[in-house]
Amino acid sequence: MLESYIFVRMSGRKRITIELFRADTNSNLALPYADEGIQAGFPNPAQDYLDLCLDLNKELVTNPPATFYGRVRGDSLVDADVLEGDVLIVDKSLTPLEGDLVVVFIDGDFTLKFIHKDNEVIWLIPANSKYNPIKVTKENDFMVWGVVTYTIRDNRKRKRR
């Protein structure tokens with residue numbers, strides 16, 4: 001069973017909820033791996049056999065106790081190809097670097113933005129022209145909750161009924 005964390009906080013009359021799942025790296029799921037690569041240009045003859053295996057737990061999660069999964073809600077990063085429904089792998093142990101995609105807590109809300117440092121000022125940058133950057137000031141209740149290390153997408157999303 002996945003260990004789930006749900007954070008709920010009231011901000012005025014608005015209820016903010018974020019659900020995160022702790023990464024379970026105790027299980028192994030070794031899948032066949034095309035070690036010669038998959039050609040994105042002119043097609044190569046198909047590999048006759050796949051003898052190597054890859055376990056995504058070992059490949060994508062470097063610090064299991066500090067790693068969580070979360071699902072994207074909203075459209076503030078669509079121009080960076082981070083879409084609603086994508087699954088994020090978030091590592092709370094990492095120190096954010098310039099340009100990292102981060103989950104932050106600011107003034108009672110969780111949000112997902114790129115981080116930009118300009119001298120002593122921190123900016124939270126969206127990737128959608130409908131939204132403005134957010135300047136973080138000393139007056140804000142602010143914390144970087146974690147750094148997004150990978151984004152996983154279902155490339156066969158179908159229209160929901």
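Which strand does Val-87 lie in?

Val-87 lies in strand S6; strands (E, at least two residues) and helices (H or I, at least four) are DSSP runs, numbered from the N terminus. This is a predicted model, in which local features need pLDDT of at least 70 and side-chain atom pairs count only at pLDDT 80 or more, while totals for chains, interfaces and linings use all residues. Residues are numbered from 1 along each chain as its sequence is written, and side-chain values use heavy atoms, with hydrogens and water left out.

Contact means heavy atoms within 4.5 Å. Leaving aside residues up to four places away in sequence, Val-87 touches Tyr-69, Gly-70, Arg-71, Tyr-150, Thr-151 and Ile-152. Between Val-87 and Arg-73 the C-alpha to C-alpha distance is 9.9 Å, and the two are 14 residues apart in sequence.

**Nonpolar cores**

A nonpolar core is a set of buried Ala, Val, Leu, Ile, Met, Phe, Trp, Tyr and Cys residues joined through side-chain atoms within 4.5 Å. Buried means under 20% relative accessible area, exposed means over 50%, and partly exposed lies in between (1.4 Å probe, protein chains only).

The largest nonpolar core has 12 residues in all, among them Phe-68, Leu-88, Val-90, Leu-101, Val-103, Trp-145 and Val-148. At least two residues of this core come from each of strand S6 (87-91), strand S7 (101-106) and strand S11 (142-152). There is also a second, separate core of 7 residues, including Val-102, Val-104, Ile-106 and Val-147.

**Aromatic pairs**

Rings of Phe, Tyr and Trp (its six-membered ring) pair if their centres lie within 6.5 Å; planes under 30 degrees apart count as stacked, over 60 as edge-to-face and the rest as tilted. The whole structure holds 2 aromatic pairs by this search.

One of them joins Phe-105 and Phe-110 in an edge-to-face arrangement, with 5.1 Å centre to centre and 65° between the planes. Phe-105 is buried, at a relative accessible area of 10%, whereas Phe-110 is partly exposed, at 21%.

**Salt bridges**

A salt bridge is a side-chain nitrogen of Lys or Arg within 4 Å of a carboxyl oxygen of Asp or Glu. The count by this rule is 3 salt bridges. In one of them, the side chains of Asp-75 and Lys-130 meet at 2.8 Å, N to O. Asp-75 lies in the loop between strand S5 (67-71) and S6, and Lys-130 in the loop between strand S9 (121-125) and strand S10 (134-136), so this pair ties together parts that are 55 residues apart in sequence. Asp-75 is partly exposed, with a relative accessible area of 24%, while Lys-130 is exposed, with 59%.

Asp-81, Asp-86 and Arg-153 are linked in a network of salt bridges. The side chains of Arg-153 and Asp-86 meet at 2.7 Å, N to O. Arg-153 lies in the segment after S11 and Asp-86 in the loop between S5 and S6, so the pair ties together parts that are 67 residues apart in sequence. The side chains of Asp-81 and Arg-153 meet at 3.3 Å, N to O.
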